[in-house]
There are 2 protein chains.
Amino acid sequence: MSELIQPRILKGFRDFLPADEIGRALLIEKLTSTFRSFGFVPIDTPALEYSEILLRKSEGETEKQVFRFTDNGGRDVALRFDLTVPFARFVAAHKEEIYFPFKRYHIAKVWRGEKPQAGRFREFVQCDFDIVGSDSAAVDFEILALMKTALGAIGVDGVTIKVSHRGIFNRFLQSRNLSEKSEEILRTVDKLSKIGPEETEKLLSNIAGEKNAADILVYIQGAGNQPEDFEATLQLMEKMAGGTAEDSNRLREIQKLLEAIGISKSFVLDPSITRGLDYYTGVVYETFLNDLPSIGSVCSGGRYDNLAGLYAKDKISGVGSSIGLDRLIAALDTLGTAPAQAGFTEAVIFNTDGFSMAVAQKTAADLRSRGVSCEVFPDSKKMGAQYAWAEKKAISWGITLTDGSFEVKNLSNRKTTVVSSASEVAAIIIAART
Amino acid sequence: MSELIQPRILKGFRDFLPADEIGRALLIEKLTSTFRSFGFVPIDTPALEYSEILLRKSEGETEKQVFRFTDNGGRDVALRFDLTVPFARFVAAHKEEIYFPFKRYHIAKVWRGEKPQAGRFREFVQCDFDIVGSDSAAVDFEILALMKTALGAIGVDGVTIKVSHRGIFNRFLQSRNLSEKSEEILRTVDKLSKIGPEETEKLLSNIAGEKNAADILVYIQGAGNQPEDFEATLQLMEKMAGGTAEDSNRLREIQKLLEAIGISKSFVLDPSITRGLDYYTGVVYETFLNDLPSIGSVCSGGRYDNLAGLYAKDKISGVGSSIGLDRLIAALDTLGTAPAQAGFTEAVIFNTDGFSMAVAQKTAADLRSRGVSCEVFPDSKKMGAQYAWAEKKAISWGITLTDGSFEVKNLSNRKTTVVSSASEVAAIIIAART
């Protein structure tokens, strides 16, 4: 016999056992159903693309993390590291076939060679939803409303969605002649929640001077961090940025719509939210779990002016957001609220002495046709083993076939009912559903 | 402005536009629901694994087709090319955590650098379902019943599932002292439907001599290719293989169960089905569309003795099958029966003169909470453009808000009803559902 191979997997990659995979599948089903109720449609793109396409904004950081290689045909290819870049390429390639405003969702795996740590994996599922081809406040609002509704649909109700606008911040920096340093400043501001205001101010001083650093701190700390501080914070931002303009009024319009449908309490205007990535140009946002803010944002996004700019002449603006599903599930695990379910089987037909497999299989087919999920225990094992197996699969009902009658046992309270047809069995099981 | 990048994708890879992706998603949802009704649970494994793990049976053919590379950490890795090898590794790694008989389904992408051609892609979705840890005829039967039921659930009713048994064929070859050439012979027999009996016999003569070639032809052609020829063909196989044995009686047991649930007419015993792959040891099968047999098998599988043999000492037997979902969809496209659906939106609230976006969004949220999927047209465009957009998304209902009342228009027959509340709007839409 040849040497055994150790069945190991790559660091940062994971197997999903049934309970976890069922939990993830159920979350995805609920998210999908919410996206559809808002009129979003799914698309799909390849996992593997030309590196030239994916690494368009080749920041050093991204490039280092990408799984990139030369395929057997000598092509320079890479695994996608997000769903935004492939979407930009998709919109450019298919702009004559799709209809604008175009609302799509895409739930799929992406790969990054990050250092594995809690909540960070090298293979993980992203869940993106975007609306492109409209610059109205209505669609900015729709993405925010969908974030709140989708998270609510999967039982994540205690969230704070922090919103800001890159345009106002850009005006503020411009008024201080800091536009050229904006990328550096944005990256530093992004660290506020991690390193605190003092450390942030110190770093900013090195970039922009003491006076400007103090001003930036005032700007990003706003007038307060509660929903009711919205107007006061916005006015402070406007004052420091040179007055009211389209960008700040856009935030007012969005706020009005959030109030109209009664969800504004979950949103706060937080000028420190800037999103490091340079393609955002309008509203930006991040979402924190009230019970576990330390895990970081579980759903982030914003508006971009020119999504497909590297692939098409037309300027196509849009707005979108992304749920980091695996990070969210890791957070729910920590909070003890992650969904887990052992199986889908409602009933098992036990394999008992003198039992006919043909009759059992016929009964199972009959029950399934009546909407009851069930299976036949295939081997004639001891009843203890069959019960233990049913328990591991969290099966609620055990059926024993005897001389044309059906003994239906509720496996949690051991109560037994005897009936004479499969339709009666199905009726008992369906009636007991919660 | 910098040079535009052509938004191209790799040969053999595909974008899925909404109509196609919705079609695929709906098929997957129906398959999933069928698997669950039979008690199967989902698992997931990484797309990327150590090459050592995936290429265990490194046949030259497979190796050439695999996307294999060295990652940034110097590891020799590969994209999975099927879901069977990762499942074997999974079972070996988690045998203490799962329960046997273990029934899993796995619907996921796999990658092969095949020459792209009709129905063949370099990235495609496999849909596998297996039962491991039981050697009973009942589970052989269950996989076959599930194949028939799952294909039926997605509207593919006209199928012929051709079944045989590798054990009987092995006995037959042994009786002719041909065991050592069995791999070569199996590969040749596999070509029968493509090259015809004469050409097959010629090739077999070169391998096994004229007399044996003629015998093999008699064996693989059976007594007939109809469900009613089952017993005659089986007896012919037994006679040529040296008599009745466990393997041939296994086929009788399975046949009895297929008859018990009334689906035996879709199955034929076809001794030419051998499945080239050498890990099969028991029943083997392939599925052909009655209206398009030329596309090849859309669902194949069989029983294997020792799934995880390369990774674990325990012998774990199992039986499973795999639907080539993308090939099946390509076939349904050819037949004009592939599902396609433009969207999920039932109603659009038109963006009309004097309209309040806040009221429109409130109405939309209200309709969604009543189970109606809807969206608000975000921009104040001409009505012609809004109607055209609604048509492209196949939206059935158009709502116009005027002075506190709701004008609900059936967009296919232009019939209009005016009501005074969102709940009445929802009632009209729900009542008209088919």
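## Domains and overall form of chain A

The centres of domain 1 of chain A and domain 3 of chain A, taken over C-alpha atoms, are separated by 42 Å. These belong to a division of chain A into domain 1 (8-158 + 290-341), domain 2 (164-263) and domain 3 (347-431), where the bounds come from an automatic or database domain assignment. This is a predicted model, in which local features need pLDDT of at least 70 and side-chain atom pairs count only at pLDDT 80 or more, while totals for chains, interfaces and linings use all residues. Residues are numbered from 1 along each chain as its sequence is written, chains are lettered from A and ligands numbered from 1 in the order in which they are written, and side-chain values use heavy atoms, with hydrogens and water left out.

Along the principal axes, the C-alpha atoms of chain A fill a box of roughly 90 × 55 × 45 Å. The secondary structure of chain A comes to 15 helices and 16 strands, which are DSSP runs numbered from the N terminus (helices are H or I with at least four residues, strands are E with at least two). Of the 434 residues in chain A, 59% are buried, where buried means under 20% relative accessible area, exposed means over 50%, and partly exposed lies in between (1.4 Å probe, protein chains only).

## Where chain B meets chain A

The contact (heavy atoms within 4.5 Å) takes 102 residues from chain B and 101 residues from chain A. The size of an interface is often given as the accessible area lost when the parts come together. Between chain B and chain A the buried area is about 8500 Å², with 63% of this given by carbon and sulfur atoms; the term stands for the accessible area (1.4 Å probe) that two parts lose on being put together, summed over both. In chain B, the residues that lose the most area to chain A are Ile5(B), Leu10(B) and Arg36(B), which together account for 8% of what that side buries.

Twelve salt bridges are found across the interface of chain B and chain A, a salt bridge being a side-chain nitrogen of Lys or Arg within 4 Å of a carboxyl oxygen of Asp or Glu. Asp15(A) and Arg89(B) meet in a salt bridge through their side chains (2.6 Å, N to O). On the side of chain B that touches chain A, helix H1 (residues 18-37) of chain B gives the most, with eight residues.

## Salt bridges within the chains

Over all chains, the count comes to 63 salt bridges. In chain A, the side chains of Glu375(A) and Lys393(A) meet in one of them (2.7 Å, N to O). Glu375(A) lies in strand S13 (residues 374-376) of chain A and Lys393(A) in the loop between helix H14 (383-392) and strand S14 (397-402) of chain A, so the pair ties together parts that are 18 residues apart in sequence. Glu375(A) is buried at a relative accessible area of 0%, and Lys393(A) is buried at 1%.

Arg75(A) forms a salt bridge with Asp71(A), with the closest N and O atoms 2.8 Å apart. Here Arg75(A) is partly exposed, with a relative accessible area of 24%, whereas Asp71(A) is buried, with 8%. Salt bridges also link Arg14(A), Glu21(A), Arg24(A), Lys109(A), Glu123(A), Asp326(A) and Asp44(B) in a network.
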